[in-house]
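Hi,

Here is the model I promised to pass on.

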Amino acid sequence: ELFVSITWSPDEPESVWSFSDAESYQLTNGIVPVVCISATGFANENMERFAELAALLGADLDAPEIRAAQAEYETAVNDFSSLVAEKSDISSLFAGIIEGGDTWYLANPPDWADLAWYQSLGMNIVVPNANPGEYWESLSLEQAGKYPSDVFFSSSRGESPTLEELLAMPTFAAHPAIAAGQLGSWNQDFIMSYQGLTAALTNMIDV
């Protein structure tokens, strides 16, 4: 009775994730209403929008399991904020690397809802030379050392190389974070819920 999705282009009504073109969107929307929530901005604010939608659809946000999840989330936010404040001198870099390709992609934090949120909580994230609205700076493999950092977060999508594979690549092996074994996993497909954001923050804390 309702098709719920997300969008990275809130100003374009027909730009909804999972539709290949406007025609498929219009066809579906003519059969069942399509509702999408922004995936840009800040992850915590987007999560609250999903909570609002859930409540409108009949979810009980005061249910014990929801309250427990909210409490765990708030604890994770406090723990993360305290940690990044304590380690404000430690820099982190978030990247997408396609195994076997000749290009890697450095994430531009303000355009990623999770990274923008981490920054707002005090995380020291490397910002590439990218214009507003550009999700990545595209770099050649030879430019692996352009942005040194203390921690290297690599996208967890299936094609991403492991630490061992990066160490086998001369240019990446020389990167300070990778040479020190400080490689973390970045889930670009995090779930915008109390549980999903708690998992994302916990992952950052564990690294």
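Below is what turned up, starting with the cores and ending with backbone angles.

Some ground rules before that. This is a predicted model, so to speak of local features I needed pLDDT of at least 70, and side-chain atom pairs count only at pLDDT 80 or more, while totals for chains, interfaces and linings use all residues. Residues are numbered from 1 along each chain as its sequence is written, and side-chain values use heavy atoms, with hydrogens and water left out.

**Cores**

The largest nonpolar core has 29 residues. By nonpolar core I mean a set of buried Ala, Val, Leu, Ile, Met, Phe, Trp, Tyr and Cys residues joined through side-chain atoms within 4.5 Å. Buried is under 20% relative accessible area, exposed is over 50%, and partly exposed is in between (1.4 Å probe, protein chains only). Phe-94, Leu-115, Trp-117, Tyr-118 and Met-123 have the most contacts inside this core. At least two of its residues come from each of α2 (43-56), α3 (64-86), α4 (113-120), β6 (151-155) and α8 (194-206); the biggest contribution, 6 residues, is from α3. Helices (H or I, at least four residues) and strands (E, at least two) are DSSP runs, numbered from the N terminus.

Leaving aside residues up to four places away in sequence, Leu-115 touches Phe-94, Ala-107, Pro-109, Ile-125 and Trp-186. Touching, or contact, is heavy atoms within 4.5 Å. There is also a second, separate core of 16 residues, with Leu-139, Phe-152, Leu-166 and Ala-177 among them. As background, nonpolar side chains tend to be buried together in soluble globular proteins.

**α4 and its neighbours**

How many residues of α4 are buried? 6 of its 8, so the helix is mostly covered. They are Ala-113, Asp-114, Leu-115, Ala-116, Trp-117 and Tyr-118, and they pack against α2, α3, β3, β4 (103-107), β7 and α8.

The packing with α2 has an angle of about 120°, with the axes 7 Å apart. Axes here are lines fitted to C-alpha atoms, for helices over the stretch in contact, and angles run from 0 to 180 degrees between N-to-C directions. Under 35 degrees counts as roughly parallel, over 145 as roughly antiparallel, 65 to 115 as roughly perpendicular and the rest as oblique, so α2 and α4 are oblique to each other. Ala-43, Asn-44 and Asn-46 of α2 meet Ala-113, Asp-114 and Trp-117 of α4.

**Gly-96**

Gly-96 sits in strand β3 (residues 92-97) and is buried, at 9% relative accessible area. Again not counting residues up to four places away in sequence, Gly-96 touches Trp-104, Tyr-105, Trp-136 and Ser-155. From Pro-10, Gly-96 is 86 residues away in sequence and 24 Å away in space, C-alpha to C-alpha.

**Salt bridges**

The whole structure has 4 salt bridges, a salt bridge being a side-chain nitrogen of Lys or Arg within 4 Å of a carboxyl oxygen of Asp or Glu. Three to click on:

- Glu-52 with Arg-49: the closest N and O atoms are 2.7 Å apart. Both residues lie in helix α2, 3 residues apart, about one turn of the helix. Glu-52 is partly exposed at 40% relative accessibility, and Arg-49 is partly exposed at 48%.
- Lys-146 with Glu-137: the closest N and O atoms are 2.7 Å apart. Lys-146 is partly exposed at 38%, whereas Glu-137 is buried at 9%.
- Arg-157 with Asp-189: 2.8 Å, N to O. Arg-157 is in the loop between β6 and α5 (163-167) and Asp-189 in the loop between β7 (183-186) and α8, so this pair ties together parts that are 32 residues apart in sequence. Arg-157 is partly exposed at 35%.

**Positive phi**

Ser-18 has a phi near 95°, positive in a residue other than glycine. For context, most residues other than glycine have a negative phi. Ser-18 is in the loop between β1 (3-7) and α1 (22-31) and is partly exposed, at 44% relative accessibility.

Cheers
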